[in-house]
Amino acid sequence: MAFRATVLTLYPEMFPGPLGVSLAGKALERGDAVLETRQIRDFGKGRHRAVDDTPAGGGAGMVLRADVLGEAIDAASPEGDSRPRLLMSPRGRPLTQDFVRDLAAGEGALIVCGRFEGVDERIIEGRGLIEVSIGDYVLSGGEIAAMVLLDAVIRLLPGVMGNDQSGVHESFETRLLEHPHYTRPAEWEGRTIPPVLTSGDHGAVERWRRAEAERITRDRRPDLLTASKDRGAT
Ligand code: SAH
């Protein structure tokens with residue numbers, strides 16, 4: 001069964017957006033992944049279909065109402081739908097390649113995109129939403145964050161990456177950042193390709209790549225090396 005993503009948003013016209021081209025676009029076209037959007041405003045209240053209101057306790061901005069989101073979620077994900085329910089949120093668990101891989105192995109996801117100041121806290125518990133953050137910065141809405149997550153998931157679905165090997169050495173898959181890449185021409189503006197890469201010695205190439213990956217990870221993200229020791233992974 002295809003991976004099925006249902007995105008709840010006030011801006012469905014943003015989708016598929018960048019997910020409509022290249023790898024993800026082809027996966028959607030083939031049906032390896034299915035992307036549906038639901039307009040939260042369809043569940044808005046009153047003549048103006050209000051979806052938000054002022055924060056209890058005062059302060060700036062508007063908050064998405066729990067009742068509106070509850071109805072939108074229930075309509076998009078009826079009982080028996082076992083897909084995880086995610087809420088894009090700067091307070092969430094950081095999106096990692098491990099989490100992406102877990103999602104890709106599942107049936108799909110329901111993804112709620114926040115706007116304004118965020119959502120009424122009660123919806124998170126009331127509908128079991130898992131908050132997911134794409135990084136320590138604040139976006140104006142959850143849609144781009146949802147696209148980031150879906151792009152990362154879709155490329156891992158079976159058959160999506162042309163060469164199934166191409167994911168194996170990538171950053172994070174080995175718990176190391178990736179080694180440098182080179183291609184033709186052999187010399188560009190006086191800069192050459194490390195000779196080992198054109199030596200034809202596959203063992204030496206592998207050792208060089210591994211050493212470079214370790215060096216770059218040590219320099220840029222030593223935290224990843226500690227993490228990999230904790231996990232006992234190679
Ligand atoms: N007042 C909130 C920010 C709201 S930003 C706070 O200070 O935490 C509006 C919406 O954008 C959020 O509800 C969320 O859905 C989305 N968003 C913003 N930054 C994000 C991030 N780093 N990761 C995932 N979603 C994010």
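Residues are numbered from 1 along each chain as its sequence is written, and side-chain values use heavy atoms, with hydrogens and water left out. Because the model is predicted, local features need pLDDT of at least 70 and side-chain atom pairs count only at pLDDT 80 or more, whereas totals for chains, interfaces and linings use all residues.

The protein chain is divided into domain 1, covering residues 3–154, and domain 2, covering residues 187–233, with bounds that come from an automatic or database domain assignment. Between the C-alpha centres of domain 1 and domain 2 there is a distance of 37 Å.

The ligand is surrounded by 19 residues, of which Met88, Gly114, Glu117, Gly135 and Tyr137 are the closest; a residue is counted as near the ligand if one of its heavy atoms lies within 4 Å of it. Helices and strands are DSSP runs numbered from the N terminus (helices H or I, at least four residues; strands E, at least two), and on this basis β5 (85–94), β8 (130–133) and α5 (142–154) each supply at least two residues of the shell. The largest share, three residues, comes from β5. By residue class, the shell comprises nine nonpolar, eight polar and two charged residues, where Ala, Val, Leu, Ile, Met, Phe, Trp, Tyr, Cys and Pro count as nonpolar, Asp, Glu, Lys and Arg as charged, and the others, Gly among them, as polar.

A backbone N or O atom of Met88 lies 2.6 Å from an oxygen atom of the ligand, and the corresponding distances to a ligand oxygen atom are 3.4 Å for Gly141 and 3.5 Å for Gly142. Of the 560 Å² of accessible area that the ligand has on its own, the protein covers 84%, with areas taken from the Shrake-Rupley method with a 1.4 Å probe and, for residues, only the protein chains shown counting as cover.

Thr6, in strand β1 (residues 3–9), has a relative accessible area of 0% and is therefore buried; buried means under 20%, exposed over 50%, and partly exposed in between (1.4 Å probe, protein chains only). Its side chain makes a polar contact of 2.9 Å with the side chain of Arg83, a polar contact being a pair of N or O atoms within 3.5 Å, of which, within protein, one must be able to donate a hydrogen and the other to accept it, while residues adjacent in sequence count only if both atoms are side-chain atoms. Beyond its neighbours within four places in sequence, Thr6 is in contact (heavy atoms within 4.5 Å) with residues including Glu36, Ala76 and Ile111.

Thr54, by contrast, lies in the loop between β3 (52–53) and β4 (63–64) and counts as exposed because its relative accessibility is 54%. The side chains of Thr54 and Asp53 are joined by a polar contact of 3.5 Å.

Particular backbone geometries were also found in loops. The peptide bond from Phe15 to Pro16 is cis, with omega near -5°, and Pro16 is placed between β1 and α1 (22–30). A cis peptide bond likewise leads from Arg184 to Pro185, with omega near 0°. Phi is positive in Arg49, near 50°, and in Phe116, near 60°.
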